[in-house]
Amino acid sequence: MQGLAASSRIVLVVFLFSMAGAAAADGRKRVVSSSSDEPCTKMTLYLHDILYNGVNNSQNATAAPATRPTALGTTYFSNNTFFGMMVVFNDLVTEGKELPVGNEKPAALAQGFYFYDKKETYAAWFSFSLVFNSAAHKGTLNVMGADPMDEDTRDFTVVGGTGDFFMARGIVTIRTDLVQGSFYFRLQMDIKLYECYV
């Protein structure tokens, strides 16, 4: 029985190594940056979150609460931090600060969720994929991290990707670029990838 378990482990290891080799079979080479000052890929994009207001913006809304804030976030603390509320989004991502107009296409879509996770002040935790489908890029970047909103800049982690961003690793530094009321915000995302396949 132990011999069978050991041979199963060997088969699994061989399978995993064969999958790793097959993944780069398209000729791309793995590049790992040797310095935090020299990422293998960098870009700046803007995420536009238009929260559904429950009344008259359903045509333009790209995000909606999936849960209500808990009583801890709305009654115990007078600052109304939305503690426990989860928001699901399919936000437009652009290269410039303006939203696309007419037939103009966004650079990507940000698809995922965030939830408010602090009782005393505004803070959230994000998990999303940047979905690229343009002439410039195809594929996804998978991003997650804490967003202490009182900070000027916050870092999210790039935990993987597909297509042009196959197995990417890096950092997304975000800055709140604009807030309009309770239903629109724009984040500047400075993306630096330190592990790329090129």
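**Close-up views of a predicted chain**

**Figure 1. The whole chain, end to end.** Starting at the N terminus, the elements run α-β-β-β-α-β-β-β-β-β-β-β. That makes 2 helices and 10 strands, where helices (H or I, at least four residues) and strands (E, at least two) are DSSP runs, numbered from the N terminus. This is a predicted model, so local features need pLDDT of at least 70 and side-chain atom pairs count only at pLDDT 80 or more, while totals for chains, interfaces and linings use all residues. Residues are numbered from 1 along each chain as its sequence is written, and side-chain values use heavy atoms, with hydrogens and water left out. Of the 198 residues in the chain, 33% are buried; buried means under 20% relative accessible area, exposed over 50%, and partly exposed in between (1.4 Å probe, protein chains only). The chain exposes about 11700 Å², and carbon and sulfur atoms supply 57% of that; the areas come from the Shrake-Rupley method with a 1.4 Å probe, and for residues only the protein chains shown count as cover. Take the contacts (heavy atoms within 4.5 Å) between residues at least 6 apart in sequence: 50% of them join residues at least 24 apart.

**Figure 2. The C40–C196 disulfide.** A search of the whole structure turns up 1 disulfide, meaning a pair of cysteine sulfur atoms within 2.5 Å. C40 and C196 are the partners, with an S to S distance of 1.9 Å. C40 sits in the loop between β1 (30-32) and β2, and C196 in strand β10 (residues 184-197), so the pair ties together parts that are 156 residues apart in sequence. The link is right-handed, with 80 degrees about the S-S bond. As for cover, C40 is partly exposed at a relative accessible area of 27%, whereas C196 is buried at 6%.

**Figure 3. H48 and its surroundings.** Setting aside residues up to four places away in sequence, H48 touches a list of residues including T62, D91, L92, L99, Y184 and F185.

**Figure 4. The largest pocket.** The volume here is about 590 Å³. In grid terms, a pocket is an open set of points on a 1 Å grid over the protein atoms alone, places where a 1.4 Å probe fits, with protein on both sides within 12 Å along at least five of seven lines; lining residues have an atom within 4 Å of a point. Points are joined across faces, edges and corners, and the volume is the space filled by probe spheres set on them. The lining has 25 residues, and L51, F82, Y116, S182 and F185 lie nearest the centre. The elements giving two or more residues to the lining are β5 (108-116), β6 (123-133), β9 (169-180) and β10. β10 gives the most, with 3 residues.

**Figure 5. T140 and K138 in strand β7.** T140 lies in strand β7 (residues 138-148) and counts as buried at 17% relative accessibility. The T140 side chain makes a polar contact of 2.8 Å with the side chain of T162. K138 is in strand β7 too, but is partly exposed, at 44%. K138 and T162 are 24 residues apart in sequence, yet 8.3 Å apart in space, C-alpha to C-alpha. A polar atom of the K138 side chain lies 3.3 Å from the backbone oxygen of S134.

Figure 6. T153 is found in strand β8 (residues 153-163) and is partly exposed, with a relative accessible area of 37%. Leaving out neighbours within four places in sequence, T153 is in contact with T173, I174 and R175. T153 and T173 are 20 residues apart in sequence and 6.4 Å apart in space, C-alpha to C-alpha. M167 lies in the loop between β8 and β9, and is partly exposed at 32%. Phi of M167 is near 55 degrees, a positive value in a residue other than glycine. Most residues other than glycine have a negative phi.

Conventions. A polar contact is a pair of N or O atoms within 3.5 Å; within protein, one must be able to donate a hydrogen and the other to accept it, and residues adjacent in sequence count only if both atoms are side-chain atoms.
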